[in-house]
Amino acid sequence: MATALHNLSSYEANSVPDASNMIFGIVVSEWNSEITDALLKGCVATLEKHGALPENIHVKTVPGSFELIYGAHQMTLNDGYDAVIILGSVIRGETPHFDYICEGVTAGIARLNATSSIPVVFGLLTTNDLQQAKDRAGGRLGNKGDECAVVAIKMAKF
């Protein structure tokens, strides 16, 4: 469903399992930090809202979105996580760099999901401009970080 038709922060709270015994890894890109910091804030708040203990939410940063693949892979090697969440933001520019990064991260995270024993949740915003990113990082369309937290809890329970 298109984000324009669904608020990213809307979900049935009673459909989310208890996360009090779960441990989460979050890898966040430093690039576009205005956006990724907001995604992280929403993600952590939603995990905690559903019972995750602050000490069971481990956050690591990487320089850019492409490095999210490596960071997530390293976290999947740690047997302690129930799910890993990646959070990043790629905003279209004047060159094809946007396409290469988006395709590369998507393929890398898909590969991790197919080969890892724990789920890796895809929280990469791919927008045409900064306003679209703001709208999806706590703005008028909700927060993708909230959505990723809910997905991580549900997939960890899977």
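Me: In β3, which residue is the bridge partner of Gly25?
Reply: A heads-up: this is a predicted model, where local features need pLDDT of at least 70, side-chain atom pairs count only at pLDDT 80 or more, and totals for chains, interfaces and linings use all residues. Residues are numbered from 1 along each chain as its sequence is written, and side-chain values use heavy atoms, leaving out hydrogens and water. Strands (E, at least two residues) and helices (H or I, at least four) are DSSP runs, numbered from the N terminus. In β3, Gly25 is bridged to Val84.

Me: How many bridges join β1 to β3?
Reply: Two strands pair if DSSP finds at least two bridges between them. Strands β1 (24–29) and β3 (83–91) run parallel, and Val28 has Leu87 as its bridge partner in β3. The number of bridges joining β1 to β3 is 5.

Me: And how many bridges pair β3 with β4?
Reply: These two also run in the parallel sense. The number of bridges between β3 and β4 is 8.

Me: Which strands stand at the edges of the sheet?
Reply: The sheet is open, with 4 strands in the order β2-β1-β3-β4 and parallel pairing. Each edge strand has a single partner, so one side of each is left without a neighbour in the sheet. Those edge strands are β2 (57–62) and β4 (120–127).

Me: How many of the 9 residues of β3 are buried?
Reply: Buried means under 20% relative accessible area, exposed means over 50%, and partly exposed lies in between (1.4 Å probe, protein chains only). Ser89, which sits in β3, counts as buried because its relative accessibility is 0%. β3 is largely enclosed by the rest of the structure, since the buried count is 8 of 9.

Me: Which residues does Ser89 contact, leaving aside its neighbours within four places in sequence?
Reply: Contact here means heavy atoms within 4.5 Å. With those sequence neighbours set aside, the contacts of Ser89 are Trp31, Asn32, Ile35, Thr36, Ser65, Leu124, Leu125 and Ala133.
That list comes from a residue placed in strand β3.

Me: At what angle do the axes of α1 and α5 cross?
Reply: Axes are lines fitted to C-alpha atoms, for helices over the stretch in contact, and angles run from 0 to 180 degrees between N-to-C directions. Under 35 degrees counts as roughly parallel, over 145 as roughly antiparallel, 65 to 115 as roughly perpendicular and the rest as oblique. α1 (33–49) and α5 (144–157) are therefore oblique to each other. Their axes come within 7 Å and cross at roughly 40°.

Me: How far apart are the axes of α2 and α3?
Reply: α2 (68–76) and α3 pack at an angle of about 10°. They are therefore roughly parallel to each other. The distance between their axes is 9 Å.

Me: Is Pro96 buried or partly exposed?
Reply: Pro96 lies in the loop between β3 and α3 (97–115). Because its relative accessibility is 44%, Pro96 counts as partly exposed.
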